[in-house]
Structure formats: C-alpha cells, structure tokens
Amino acid sequence: MYVNTNLLDNGASMDSLDAGAGSILRQPKAVWATAGASVVAFMGIGLVDPILPSIATGLHANASQVSLLFTSYFLITALAMLVTGFVSSRIGGKKTLLLGLAFVVVFAGLAGTSDTVGQLVGYRAGWGLGNALFVSTALAVIVGAAAGGSAAAILLYESALGLGMACGPLLGALLGDASWRYPFFGTAFLMAVGFLCITLFLKEQPRPARRTSLLDPLRALGHGGLASAAISAFFYNYTFFTVLAFTPFVLNMTPYKSGAVFFAWGVLLAVFSVLVAPRTQRRFGSLKVLGGSLVLLAADVLVLGYGNHTAAVVCTILSGAFIGVNNTVYTELALGVSDAPRPVASAGYNFVRWFAAAAAPYFAPKIEEWTDIHIPFVVAAVTAVLGAVVVLVRRRALTHQAEELEPRHRTEDGVTAFAN
C-alpha cells in the first residue's frame, strides 16, 4: 500500500482513492500483466502454510527446521531491500521485474525437487531474493503504466496483494493434498506465465535521474519518523509471522482444512486492508487506529494460544482483520513521515521490518521447545503491545514530521506509493 497525504487527521488521500476506483478496471495490458504476476508473488508468502506439517513428514523434519522456510525467505528479502533500488535504478523497471521473476521460477521449481529440508530452505532463500526484486519494483511500474491516475493504480496493486495473500494458502492446500512438492511447481509455472506476459506487454520503464546507492536506505533511517515507524513495524511483524508460520503446527489440520482457514484469514486481510482501514483512518486518525489494532491483535493471539481448538481457528481467521489494518497504516505512516525519495524510504523501512519476519518463524518453535506451546503466543502478544508503545511514545515526532512533509506530498499528486 500505498497511499498518503495528511494521513494522521484527515481523509484527503483516501478520497483520492475512492475517486480513482471507477477507473481501476480500465487498464493497459502491461498493468494487468504486472498485477497478475504480483498476485502470484504474494501467493508465495502463504503458499507453504497448509503444507508445513506435510513437508515436515515428507522430509523427516521437525517444526523448527521447517519454519526455516520462512526465516531464509525473509532474511534474504530483508537484505535484498538494500540492493533492489541499486539494481532497478541502473537496469530499469522492466528488467528488474524479469530478473526477479526468473529467480522465482528457478528457485521455486528447485524447491519442489528437494530431498532434504536443508535444500528446501536454501532454495527458499533464492526465491526470497527474486520476490524482493519483483515486489519492490512492481508498484512503481504499475503506477507508471496505469490509466486513471495513481489512485486507481494503487488500488489495483493493493487488490492484487490481498488476492495473493488469500489465494496462496488455498493453492497450497489444493496442490499440496496430492504432494507437498506440487505447490512449488505450480508457483514456478505461474511465475513463468507472468514472465512471458511482462516480456510481451510491458514497455521498458524510464530510469530515475539519480542512481540509488547501497547505503541510501540506511541513511534514510536517520530520519526520526521513518526509524520510529520501522521499529514499531519490526515488533508488529514478529507477531504477524508468529501467526503465519507457527499457527499451522498448533492447528494440526489436513492441508484442505488448514488452507480453508488461511484463505478466510487472507480474505479478511484483503477486505480490512483495502476497505476498512481507509475509513477508520478518516474517522479516528492513523495513529489511534494503529495503536488500537495492535492491542486488539495482542489480545487475539493470546486467546489463540490459550483457547481450545475452535477458539484457535476463529482467532487465526480474525487476526487477518487486524493484520490488514496494520499493513495499510504502517506503510502509509512510514512513507508519510519520510523526507527521502519514496523507493529509498521504502527500502530502509522494509530492511528493518523484514528481519522480524525472519526471526519469528525461527524463535516461535524454539520457544515452544524450551517452554510450552502457549508461550510463543505470549511473546507475540508482547511484541504487538511493544509496537503500540513505540507509536505512543513517538507520537509527537511522527505527527510533527508528517505535517511538515504534507506540502511536498501534495505536489506529488496527493499520493505516496510504495510496495509492501
């Protein structure tokens, strides 16, 4: 996501989105090709959720080892954030997209041939590099090629994100019921189709006037507002990926049932990200919405950890609503308070927060081994609250800096965009 002008106290940018919604379907083939590939790219995040127990059985691995599929993926994704701007500013958007897709096709296909969990973890790392190159570039390409203005393009991209997050677990369940290997082959095939479509329909994008250096994203974190948003998002992402990567072992369901649970989770994530978050922000302000959503997410994961099986299923699905709201607000907040160029601020922010996405899948099973199955969710609840505390403590700086930047954002068509 995504969008922002004065994101703390009014809805100007969201009104822009509403105005652009009517033109979302009238897009060039290049936009649809990129958006379609984006759906598949986001599917890859939750694809393995329903088949984690099956992978563990098939490769004779435990939960800690299998969870490294997420750790390797997001660790490489985090590090790659320092590289994506460097690459795209030199070879252009189209070539960066194709490079990322090529990595995903190769490494997703290789993942399906794995004989050991170590091989699978390694291939997921290569997949993460490809996904970082693609996702970090896709929104900028869609905005540049879209008809109907930035608002329609951003709404289309956000819809692709939500659809991908919802359909990933479903595809993983449908293909994974026959074999845990098939979802990886399926992803490789779909991304190969995306590669072909972008090759045929997307024209080369103009390169930026200034090349991005490897250190620019780190320098951007010297901005107090961006650093505060990134730190808070780091704590939040630990909670997010505890739910995404550890809960399938707790639910212990068949791939079909687990896929259905996470499909419902993804639907709520998409609906609350695209429809609910903008409206609550207009009414209450972004910081209040974010703080309240983080606290509710903390309560939700506590019940998930200590409730019975039915409660765990319900709370897993319900967490999608809070995660959808948080994803939207965090992204807007990070870009709204930054005085760095949008791609640079995006890279710095993602560099910090994706480390938590790498840490949670590793530590949650370890904490269970050291204690019991409830404590990983206690830790996840604490990190969600810590995220809210950072927002509260840094509220004055975040608000002040966002207001200072408002005139600059208004000169950029009232829209601040960035790939999640």
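Visitor: Let's start with Thr242: is Thr242 buried or exposed?
Guide: Keep in mind that this is a predicted model. Thr242 has a relative accessibility of 0%. Buried means under 20% relative accessible area. So Thr242 counts as buried.

Visitor: Which helix does Thr242 lie in, and which residues does Thr242 touch?
Guide: Leaving out residues up to four places away in sequence, Thr242 touches Thr247, Ala360, Ala364, Pro376 and Ala380. As for the helix, Thr242 belongs to the one spanning residues 224-251, and that is H10.

Visitor: How many Å apart in space are Thr242 and Ala356?
Guide: In sequence, 114 residues separate Thr242 and Ala356. In space, going C-alpha to C-alpha, the pair is apart by 9.7 Å.

Visitor: What share of the contacts in the protein chain with a separation of 6 or more comes from residues 24 or more positions apart?
Guide: For some background, the protein chain has 16 helices and zero strands. Out of its 420 residues, 61% count as buried. Among contacts with a separation of 6 or more, residues 24 or more positions apart account for 87%.

Visitor: Over to Val83: is Val83 buried or partly exposed?
Guide: Val83 sits in helix H4, residues 63-91. Its relative accessibility is 33%. Buried stops under 20% and exposed starts over 50%, so Val83 counts as partly exposed.

Terms used: Residues numbered from 1 in each chain as written. Predicted model: local features only at pLDDT ≥ 70, side-chain atom pairs only at ≥ 80, totals over all residues. Heavy atoms only, no water. Helix = DSSP H or I, 4+ residues; strand = E, 2+ residues; numbered from the N terminus. Buried < 20%, exposed > 50% of the residue type's maximum accessible area, 1.4 Å probe, protein only. Contact = heavy atoms within 4.5 Å.
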